[in-house]
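My notes follow the order in which I looked.

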Amino acid sequence: MVIVMGKPTGFLEYNRKDDKAAEPLERIKNFNEFHTPMSDKERKDQAARCMNCGVPFCQSGMVLNGMVSGCPLNNLVPEWNDLLYLGNMEKALKMLMHTNNFPEFTARVCPALCEAACTCGLNDTPVTCKANEMAIIEYGYNNGLMEAVPPKVRTGKKVAIVGSGPAGLAAADQLNRRGHSVTVYERSDHIGGLLMYGIPNMKLEKWVIDRKQEVMEKEGIEFIVNADVGKNVKAQDLLKDYDCVILACGASEPRDIKAEGRDAEGIYFAVDFLSRSTKHVLSGKTEGFVNTKGKNVVVIGGGDTGNDCVGTAVRQGAKSVVQVEMMPKLPEGRAENNPWPEWPRVCKTDYGQEEAIAVYGKDPRIYQATVKEFIKDKSGKLKKVKLVKLEPKKDEKTGRVNMAEIPGSEFEIAADYVLIAAGFLGTQSYIAKAFGVKLDARTNVETEKNSYKTSVDKVFTAGDMHRGQSLVVWGINEGRGVAKEADKYLMGYTNL
């Protein structure tokens, strides 16, 4: 079969153009999403830039030099880009949904691994794959193409899924399509996992989750919230009542910072800060709400979650925001040892940092530093953070480069609140103990290689609980993978 591109010269005729973002000083006035979709004509022009490569790295999802290049879901990016350009939106939607259960999530929060591997980006700027995906899925919802389609036949098999993050939801969606009866247990008051309370509203407005939940419920999936399995719901009851159980509880044990004065009042884990902020935004709930208005805020961690904390504190009206990063500042462009199509290890100024620059007049990031001490006042409240500068040093025995303290480089900064965004360590122990599953050295649930089956009969696992802290797109990948294996366990074969 010969595939003909809709616009063979599109990448030569059109420059990359992104959806317009509200100016930082304007968008910090609320917690709403802040990008305005471009016109249909402009979006088609952007889709026309896709080169329909002979080797589409955008959909490869392969590991190069320890980093993933291209989409882990193997999204058929060139195909739906071409269909978008041609205006065949219904077919583009079917092509998109063929590999991705939740484009409405990934189009908002994914770091666009596909774009980093785009061939057009080798000598120019990559295709706007992420925004094109958003245009396709929103067209589907706006034109009645995302209506519920319940399975016509039920298998009689019952599946319990513990956790309703991307992995749990993807597994539920796949297994329900197969005809199994699926019940999802969520310990929080709303489904979504970190999609709901770990990612702030300006990146993912929560009506997007509600909209998808409504479709999934109409298709027959049951959601039970405020159900903390291992605490107020017994693991043994699930093992008795269901034909298989899938654990998709995330890597929700936060990494702490052990420094003198850690018990000071005013230190919070990032996920707690963000979840309380989102609950306050949605309902005005003040219980546990951490209000940084007029306060000096220090964020420990330079990743996406740290940036979300910066953006949230800026919106709350913090007096100052500083973000502390252990590693050196990355280069502005690719280094020679980081060639395309590897993931580009370059310095990125994200939305929260843009906003901090606009409000405070400087980049909030301090590189090559870590916490030496949390300094309290007489009442035990945090008042300062003592930092120490770091430098890379090679370990002669292992050959690894570690960040080491520079003697005498300590300095102090004002801090009323510290938000620890240093990542997650793995599975929370109580859920693993409740089911008796084994954990590996990284405290992820142990399985055989390329398998999702745990050490306990009829218990499977997926997502961050299985692979460690990762991206939403990897959660969906894992959910689809575990659904396939669980389906084969239940039926003796699988057509997923």
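The entries below go from the whole chain to single elements.

**Ground rules.** I am working with a predicted model, where local features need pLDDT of at least 70, side-chain atom pairs count only at pLDDT 80 or more, and totals for chains, interfaces and linings use all residues. I number residues from 1 along each chain as its sequence is written, and side-chain values use heavy atoms, with hydrogens and water left out.

**Whole chain.** I counted elements and found 19 helices and 20 strands in the protein chain. The protein chain is as compact as a globular protein of its length, because its radius of gyration is 23 Å, close to the 23 Å from the globule rule for 496 residues. That radius is taken over C-alpha atoms, and the rule is 2.2 Å times the number of residues to the power 0.38. Helices (H or I, at least four residues) and strands (E, at least two) are DSSP runs, numbered from the N terminus. Along the principal axes, the C-alpha atoms fill a box of roughly 65 × 60 × 55 Å.

I looked up burial next: 51% of the 496 residues are buried, meaning under 20% relative accessible area with a 1.4 Å probe, protein chains only. Of the contacts with a separation of 6 or more, 67% join residues 24 or more positions apart; a contact is heavy atoms within 4.5 Å.

**Strand β5.** I asked how much of β5 (residues 158-162) is buried. Four of its five residues are, so β5 is largely enclosed by the rest of the structure. β5 pairs with β6 (residues 181-185) in the parallel sense over five bridges, where pairing requires at least two DSSP bridges between the strands. I noted one partner: Val162 bridges to Tyr185 in β6.

**Strand β18.** Which residues cover the two faces of β18 (residues 417-420)? Tyr417 and Leu419 lie on one side and Val418 and Ile420 on the other, and all are buried. In a regular strand the side chains alternate between the two faces of the sheet. I then traced the neighbours. β10 (residues 267-269) runs parallel to β18 and is joined to it by three bridges, with Tyr268 partnered by Leu419. β11 (residues 296-300) is also parallel to β18, over four bridges, and Val298 has Val418 as its partner.

**Helix α3.** In α3 (residues 40-48), I listed Arg43, Asp45, Gln46, Ala47 and Ala48 as the buried residues. Their cover includes α1 (10-13), α4 (77-86) and α9 (129-142).

Technical notes:
Buried < 20%, exposed > 50% of the residue type's maximum accessible area, 1.4 Å probe, protein only.
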